[in-house]
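Q: Can we go through this structure together? I want the contacts, with the cut-offs behind them.

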Amino acid sequence: YGRQWPAIFLQRRQADLINEITKKIGFVMKKSGYRGWFGLDFLLDSKTGEVFLSENNARLTASASFHTQNELKQGVKKPLIYYHINSFLNESDKKAYWQPVLFISSQLTFRNDTEKPMRTRNTIPFGIYELTPLADLVYKREGMGVRDINDKNEFFFNTFSNGEIISPGEEIASFEKCDYAIFEKGFSPWVNQISKIALSLS
């Protein structure tokens with residue numbers, strides 16, 4: 001599972017249509033009294049390029065923390081989460097408009113996709129790491145997320161302690177990196193390397 005900013009394989013017309021649909025749905029939600037953050041899921045037909053709206057997540061989505069860290073890393077003083085909170089305040093700044101910033105970042109989450117609980121075998125502390133050319137992990141320093149990464153060679157690693165029981169569907173480990181994880185023709189090489197590390201934890 002994962003997310004990436006930006007979605008570089010989108011055609012311009014697809015991105016424009018997604019933005020148009022998002023604004024229209026946001027306007028309808030606002031008229032009905034909805035406030036704050038929401039996220040739309042879209043599907044693309046790989047043959048025709050047609051765009052389909054699949055789901056409206058009318059809530060603070062799972063990407064909120066990751067997105068906020070990336071905005072703060074770029075020096076944004078008022079990230080999107082600010083406007084989410086601001087929309088519920090009686091004295092909210094009506095002239096405040098969110099301005100998106102460009103950043104390149106990916107977050108991968110590995111889950112227990114079996115039907116049985118599993119016990120972790122992790123002896124690796126969470127923090128900032130680097131991969132050697134031989135795909136070995138090198139611990140760099142403490143860190144709490146993507147905003148503690150200094151360059152695209154580093155990544156943030158987070159997982160459970162050794163011996164934890166992971167139920168079916170629950171997260172085993174997550175990785176955050178200031179780099180692309182996926183291109184139109186497949187995954188970046190570092191994704192395969194990290195996948196092997198995640199599998200070794202369970």
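A: Start with a definition: a charge sits over a ring if NZ of Lys or CZ of Arg is within 6 Å of the ring centre and within 35 degrees of the ring normal. Under that rule, Lys177 lies over the face of Trp190, at 5.3 Å from the ring centre.

Q: What sort of model is it, and what gets counted?

A: This is a predicted model, in which local features need pLDDT of at least 70 and side-chain atom pairs count only at pLDDT 80 or more, while totals for chains, interfaces and linings use all residues. Residues are numbered from 1 along each chain as its sequence is written, and side-chain values use heavy atoms, with hydrogens and water left out.

Q: Back to Lys177. Which salt bridge does Lys177 form with its side chain?

A: The side chain of Lys177 meets that of Asp179 in a salt bridge, 3.8 Å from N to O. The term stands for a side-chain nitrogen of Lys or Arg within 4 Å of a carboxyl oxygen of Asp or Glu.

Q: Are Lys177 and Asp179 buried or exposed?

A: Both are buried. Buried means under 20% relative accessible area, exposed means over 50%, and partly exposed is in between, using a 1.4 Å probe and protein chains only. The value for Asp179 is 13%.

Q: How many salt bridges does the structure hold?

A: It holds 5. Another one of them joins the side chains of Arg141 and Glu154, at 2.7 Å from N to O. Arg141 is in strand β7 and Glu154 in strand β8, 13 residues apart. Arg141 is partly exposed at 25%, whereas Glu154 is buried at 4%.

Q: OK, rings. How many aromatic pairs are there?

A: The count comes to 11 aromatic pairs. Rings of Phe, Tyr and Trp (its six-membered ring) pair if their centres lie within 6.5 Å; planes under 30 degrees apart count as stacked, over 60 as edge-to-face and the rest as tilted. Tyr82 and Tyr83 have ring centres 4.9 Å apart and planes at 85°, so that pair is edge-to-face. Tyr82 is partly exposed at 29%, and Tyr83 is buried at 17%.

Q: Which pair is tilted?

A: Phe155 and Phe175 form one, at 5.7 Å centre to centre with 55° between the planes. Phe155 sits in strand β8 and Phe175 in strand β10, 20 residues apart. Phe155 is buried at 0% relative accessibility, as is Phe175 at 1%.

Q: New topic: how do β2 and β3 run?

A: Strands β2 (residues 39-44) and β3 (residues 51-57) run antiparallel and are joined by 6 bridges. For two strands to pair, DSSP has to find at least two bridges between them. Phe42 stands opposite Leu53, and the bridge partner of Leu40 is Asn56. The two strands form a hairpin with 6 residues between them, and Gly49 in the turn has a positive phi of about 80°.

Q: And where is Thr61 found?

A: Thr61 is in the loop between β3 and α2 (64-73). Thr61 is buried at 14%. Leaving aside neighbours within four places in sequence, Thr61 is in contact with Trp37, Phe38 and Gly39.

Terms used:
Helix = DSSP H or I, 4+ residues; strand = E, 2+ residues; numbered from the N terminus. Contact = heavy atoms within 4.5 Å.
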